[in-house]
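Keep the sequence and the 3D view open as you read.

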Amino acid sequence: MSKQVKIATRGLCKSFAGRPVLDHIDLDIMTGESHVIIGLSGAGKSVLLKCILGLIRPDAGSVFVNGENWCALSAEARLSRMRCIGVVFQGAALFDSLPVWRNVAFVLLQQGMAERQARARAEEVLDWVGLPNIADKMPAELSGGMKKRVGLARAFCHRPEIILYDEPLSGLDPVMSDVIITLMTRLHEEHRVTSLTIAHNMNLVRKFADRVSMLYNGKIHQQLPRDQVDQCQDPVFRQFVEGRAHGPMQVLTEKRKGGSR
Ligand SMILES: Nc1ncnc2c1ncn2[C@@H]1O[C@H](COP(=O)(O)OP(=O)(O)OP(=O)(O)O)[C@@H](O)[C@H]1O
Ligand SMILES: [Mg+2]
């Protein structure tokens with residue numbers, strides 16, 4: 001495996017109730033790359049992310065980070081390695097009982113950093129995401145877009161090498177979506193963060209992805225650099241990109257004969 005590969009999966013398999021969701025997935029995410037995973041709802045994108053994070057145990061296969069097989073590590077060793085990763089969860093997943101700054105500085109506080117220092121860093125990253133003066137607010141006082149930005153601030157507060165994003169734009173208006181894409185791009189470019197992003201939003205793919213992989217039927221169906229996304233003629237890929245209900249992917253159940261309800 002090349003030294004340039006930051007995250008790799010080899011032969012990753014996961015089934016639920018006998019249905020394969022991930023079927024021998026081999027994926028390489030290069031150092032400094034922004035890699036975006038697309039695919040239908042239920043395709044297994046979040047399961048893939050959770051396997052990489054160790055939140056779901058794969059049935060077979062391995063996950064390598066910086067060349068080390070994380071599936072072969074003890075739970076304790078894996079936890080210590082996790083510090084190199086920041087995660088932006090689909091819902092912001094903030095702790096409701098903690099003020100914003102404690103949410104943002106959560107990993108730093110866990111690592112034993114002094115409160116004053118951790119708070120100063122949390123305020124710095126909150127400022128960076130355009131939310132100064134909210135350190136003492138509670139999550140319930142924030143809008144959805146603010147929560148997303150707090151989630152982003154939390155993901156990179158401890159300066160991880162890798163950020164995993166699970167649908168970072170879900171539930172956001174187009175303007176706030178662009179704000180988040182801009183922040184993600186700045187993190188990627190200014191801090192050389194390697195990222196793996198699950199997305200449905202083609203605007204995010206076109207603006208943020210270096211490469212895009214489409215997950216379909218448990219496999220990586222297509223993998224393309226961003227500049228080939230609009231030229232790709234694969235019918236399954238096109239159906240997704242164009243957002244059509246009809247096409248080779250069976251999304252709707254067939255109409256009953258005679259068309260009656
Ligand atoms: N813990 C679990 N137990 C049983 N089935 C699960 C579990 N987690 C996921 N699944 C199933 O695996 C499949 C893939 O789920 P996953 O959450 O990865 O989809 P997704 O591609 O992230 O979809 P979406 O775009 O809607 O978030 C689904 O059929 C889901 O029901
Ligand atoms: Mg998902």
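The paragraphs below go from the strands to the helices and then to the ligand.

This is a predicted model, in which local features need pLDDT of at least 70 and side-chain atom pairs count only at pLDDT 80 or more, while totals for chains, interfaces and linings use all residues. Residues are numbered from 1 along each chain as its sequence is written, and chains are lettered from A and ligands numbered from 1 in the order in which they are written.

Helices (H or I, at least four residues) and strands (E, at least two) are DSSP runs, numbered from the N terminus. Two strands pair if DSSP finds at least two bridges between them.

Start with the antiparallel sheet. It is open and has 4 strands, in the order β2-β1-β4-β5. β2 and β5 (68-69) are its edge strands, and each pairs on one side only. Strand β1 (residues 5-16) joins strand β2 (residues 19-30) through 8 bridges, in the antiparallel sense. Within this pair, lysine 14 faces leucine 22 of β2 as its opposite residue. β1 also runs antiparallel to strand β4 (residues 60-65), with 5 bridges between them. There, threonine 9 has valine 63 of β4 as its bridge partner. β4 and β5 complete the order with an antiparallel pairing over 2 bridges. Valine 65 stands opposite glutamate 68 of β5.

Now look at the turn between β1 and β2. The two strands form a hairpin with 2 residues between them. Alanine 17 lies in this loop. Its phi is positive, about 50 degrees, although alanine 17 is not a glycine. Is alanine 17 buried or exposed? A residue is buried if 20 or more other C-beta atoms lie within 10 Å of its own, exposed if 12 or fewer, and partly exposed in between, with C-beta atoms placed from the backbone. Alanine 17 has 4 C-beta neighbours inside 10 Å, so it counts as exposed.

Arginine 192 also has a positive phi, near 55 degrees, and is a residue other than glycine. It lies in the loop between α7 (174-191) and β8 (194-198). Arginine 192 counts as exposed because it has 10 C-beta neighbours inside 10 Å.

Next comes the mixed sheet. This open sheet has 6 strands in the order β6-β7-β8-β3-β9-β10. β6 (85-88) and β10 (219-225) each have a single partner strand, so one side of each is left without a neighbour in the sheet. From one strand to the next, the twist averages 15 degrees.

β6 and β7 (162-166) pair in the parallel sense over 4 bridges. Valine 87 is opposite leucine 164 of β7. β7 and β8 are parallel too, with 5 bridges. Leucine 164 has leucine 196 as its bridge partner in β8. Strand β3 (residues 34-38) pairs with β8 in the parallel sense over 4 bridges. Isoleucine 37 stands opposite isoleucine 198 of β8.

Two residues are in contact if their C-beta atoms, placed from the backbone, lie within 7 Å. Axes are lines fitted to C-alpha atoms, for helices over the stretch in contact, and angles run from 0 to 180 degrees between N-to-C directions. α1 lies across β3, β6, β7, β8 and β9 (211-216), at about 150 degrees to β7. Helix α6 (residues 144-156) packs on this sheet, touching β6 and β7, and its direction makes about 170 degrees with that of β6. α1 also lies across β1, β2 and β4, at about 65 degrees to β2.

α6 has a helix partner as well. The axes of α6 and α7 come within 10 Å and cross at roughly 10 degrees. Gly145, Lys148, Leu152 and Phe156 of α6 meet Met176, Ile180, Leu183 and Leu187 of α7.

Finish at the ligand. Which residues surround ligand 1? They are Phe16, Val21, Gly39, Ser41, Gly42, Ala43, Gly44, Lys45, Ser46 and Val47. A residue is near a molecule or strand if its C-beta atom, placed from the backbone, lies within 6 Å of it. Helix α1 (residues 45-53) gives the most to this shell, with 3 residues.
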